[in-house]
Amino acid sequence: MQSTLYIGVMSGTSLDGIDIALVDISVDNITFISGECYPLPSSLKANLLQLCQQQQCTLLKLGELDHQLGQLYAHCINKFIQTHHLDRTQINAIGCHGQTIFHSPNGCYPFTMQIGDANIIAAKTAITTIADFRRKDMAYGGQGAPLVPAFHQAIFSDPNKNRIILNIGGISNITVLSPNHPLIGFDTGPGNVLLDSWIAKQLALPYDKDAKWAKTGSVNQPLLQHLLNDEYFRLPYPKSTGRERFNLNWLLDKLTGFSLAPQDIQATLIELTVIVTTTAIINQISLNKQLPNELLICGGGAKNPLLMARFAAWLPNWSVKTTDELGTSSDYMEAIAFAWLAYCRIHNLSSNIPTVTGATKAISLGVIYPK
Ligand SMILES: Nc1ncnc2c1ncn2[C@@H]1O[C@H](COP(=O)(O)OP(=O)(O)OP(=O)(O)O)[C@@H](O)[C@H]1O
Ligand SMILES: CC(=O)N[C@H]1[C@@H]2OC[C@@H](O2)[C@@H](O)[C@@H]1O[C@H](C)C(=O)O
């Protein structure tokens, strides 16, 4: 009998680490078994940031980082296999997202670029690896992102509820699950990326743990309104974005003419993350009015008590909780999703959602790199 075990690997826009999930998947079952997060070495993070923000990029550097990340993913997967005493011959496939270094879905020549050579992963782990999940969707005219809505639909659909799944990673994205409504999902804008960049610049910390610093500041309304003027927030879906738009330079540019305490800016950025998402939910989506509404939060932002409290305050008639409360790890959601995308590719099942990405065709995403 064919094994039903898959490994999903995700390293996202926050550049905080590599999430690995072991998942048991068959036609009627998706069970998360275990997960680990391996930190990204700080020198690699600095190099990737330079690349993402186009400060310094040579083909040599790009090629070397692609190789380095491939080696690192393989090393982390092998460590994971060892720690969890797994038999690698029992792992059907690895689904590895790779590291997005640029995402440009709307130019004359749309492209999205994820690095971390999957040939190296397949060779070093001796497990078939699936990667390059986004570009076929783009080839059919889609945004290439977000891809997790199909997975959210597979695990969270409920005929008696309107459910919005909100991933607050570096970038925030939502999935709308409402009976009799087409499945939609899009990137609402910055999640943690501006919060992380601002505290890194001001206090040399990677992130504002439990929003301790933001809580010492207060929201500045003129700045908030100015940030909300960015045209991305008014664009209709399908839409997706990334670090190439929302980054420290974006923020510094918007801060021109403002003279505020740095912690007030941090508090304002928290409110920005909340308002862009709640406004999108309220203004851009028509939910079934007869049904109760749930906001299910995952990603690193689910650990931020101030973000959670502000979502609850802005959506008073909603049940606001983390996906953990429904039995799916908020930490490993995306890694689990990439294990599921690998399962779909191995079984040739379509995994993009044209109503989400705007692609003209439903297709099975990902390229297979045999061991
Ligand atoms: N205890 C905490 N308090 C506040 N923020 C936290 C906490 N734990 C994690 N975070 C935030 O979550 C971020 C990591 O989130 P996550 O791992 O979901 O991002 P990602 O997967 O890299 O991003 P994306 O989903 O955009 O690709 C951290 O950079 C930090 O900002
Ligand atoms: C291009 C890219 O890497 N996009 C990521 C990013 O991180 C969050 C958001 O922006 C989302 O659109 C996407 O990731 C998830 C896994 C997705 O495709 O659903």
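Predicted model: local features only at pLDDT ≥ 70, side-chain atom pairs only at ≥ 80, totals over all residues.

Biologist: Which domains does the domain assignment give?

Modeller: The assignment gives domain 1 (5-144 + 333-369) and domain 2 (148-326); such bounds come from an automatic or database domain assignment. Their centres, taken over C-alpha atoms, are separated by 23 Å.

Biologist: How many residues of domain 1 are in contact with domain 2?

Modeller: 24 residues of domain 1 are in contact with 29 residues of domain 2, where contact requires C-beta atoms, placed from the backbone, within 7 Å. On the domain 1 side, β5, α11 and α12 each supply at least two residues. Helices (H or I, at least four residues) and strands (E, at least two) are DSSP runs, numbered from the N terminus.

Biologist: Now the ligands. Why does ligand 1 lie between the domains?

Modeller: Both domain 1 and domain 2 give residues to the shell around ligand 1, so the ligand lies between them. Of the 23 residues around ligand 1, G12, S14, G169, N192 and G300 come nearest; a residue is near if its C-beta atom, placed from the backbone, lies within 6 Å.

Biologist: And which residues are closest to ligand 2?

Modeller: T100, A145, P146, V148 and I171 are the closest of the 16 residues that surround ligand 2. The elements giving two or more residues to that shell are β5 (99-104) and β9 (171-177). Each of domain 1 and domain 2 contributes at least three residues to the shell around ligand 2.

Biologist: Changing topic, what is the strand order in the open sheet?

Modeller: Five strands form the open sheet in the order β10-β9-β8-β11-β12, with mixed pairing; two strands pair if DSSP finds at least two bridges between them. β10 and β12 (319-322) stand at the edges with a single partner strand each, so one side of each is left without a neighbour in the sheet.

Biologist: How do β9 and β10 run?

Modeller: β9 and β10 run antiparallel and are joined by six bridges. S172 stands opposite G189 in β10.

Biologist: Which helix packs on the sheet?

Modeller: Helix α9 (residues 262-284) packs on the sheet and touches β8, β9 and β10.

Methods. Residues numbered from 1 in each chain as written. Chains lettered and ligands numbered in written order. Contact = placed C-beta atoms within 7 Å. Axes fitted to C-alpha atoms, helices over the stretch in contact; angles between N-to-C directions.
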